[in-house]
Amino acid sequence: MKTLVIVIHPDIESSAINKRWIEELSKFPDKYVIHQLYKAYPDENINVPAEQKLVEQYSKIVFQFPFYWFSSPPLLKKWFDEVLTYGWAYGSTSGYKVAGKKIALAVSAGVDEHEYRDGERYKYTLAELTRPFELTFEYVKADYKPLFAYYGLELNASDEWIEKSVPLYKEFLGSL
């Protein structure tokens, strides 16, 4: 079954790595469906029934985005608020439409990995900083998987550094 990759990047054309990941995954339409939220909703008016129907079709869903301000781009939070509704994603009569789906994050981070740990600049690991996502998906009974992160893009955004991420990302997706 195909994996739904929901890309949340407010300026994908200026992106280095997220754009490259999309290009690579697009080569495999039999494996991946790419859904770019900012392209689908440039006015940020989300078509909730369409999004819910899309999510219902896949058993594996990855949310791909750049990590900044210690979270995701704002459209993902809005997507959670509007799509993961009571009566559809949770609640006693919902049927928990996301339950059991394998869900993961694929995150690009500007700083090096060592800066995300106790005693360093950002004090916490990326896994710790993304716990609200983990709890969100646990709340709707999804099967949340450990995140994929690729670090060091602020200083190492060379084509070579970006290309090194591509097989790692594909391996991660294949392991879901």
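Start by selecting residues 159-175, which make up helix α8. At 1.5 Å a residue, its 17 residues should span 24 Å, and its end C-alpha atoms are 25 Å apart, which agrees. (The expected span is 1.5 Å times one less than the number of residues; helices are DSSP runs of H or I with at least four residues, numbered from the N terminus.)

Before going on, a word on what you're looking at: this is a predicted model, where local features need pLDDT of at least 70 and side-chain atom pairs count only at pLDDT 80 or more, while totals for chains, interfaces and linings use all residues. Residues are numbered from 1 along each chain as its sequence is written, and side-chain values use heavy atoms, with hydrogens and water left out.

Stay on α8 and show side chains. Which residues are buried there? Pick I162, S165, V166, Y169, F172 and L173. Here, buried means under 20% relative accessible area, exposed means over 50%, and partly exposed is in between, with a 1.4 Å probe and protein chains only.

Now for the charges. Select R20, E24, K27, E163 and K170, and you have a network of salt bridges. A salt bridge is a side-chain nitrogen of Lys or Arg within 4 Å of a carboxyl oxygen of Asp or Glu. The structure holds 10 of these salt bridges.

- K19 and E13: their side chains meet in a salt bridge at 3.5 Å, N to O. K19 is partly exposed, at 27% relative accessible area.
- E115 and R121: another salt bridge, at 3.7 Å, N to O. E115 is buried at 15%, whereas R121 is exposed at 54%.
- K77 and D81: the closest N and O atoms of this salt bridge are 2.6 Å apart. The two are 4 residues apart in helix α4, so about one helical turn separates them. K77 is partly exposed, at 49%.

To see the contact, highlight V48, E51, Q52 and V55 in α3, then W79, E82 and V83 in α4; contact means heavy atoms within 4.5 Å. The residues of this contact divide into 4 nonpolar, 1 polar and 2 charged.

Key
Ala, Val, Leu, Ile, Met, Phe, Trp, Tyr, Cys and Pro count as nonpolar, Asp, Glu, Lys and Arg as charged, and the others, Gly among them, as polar.
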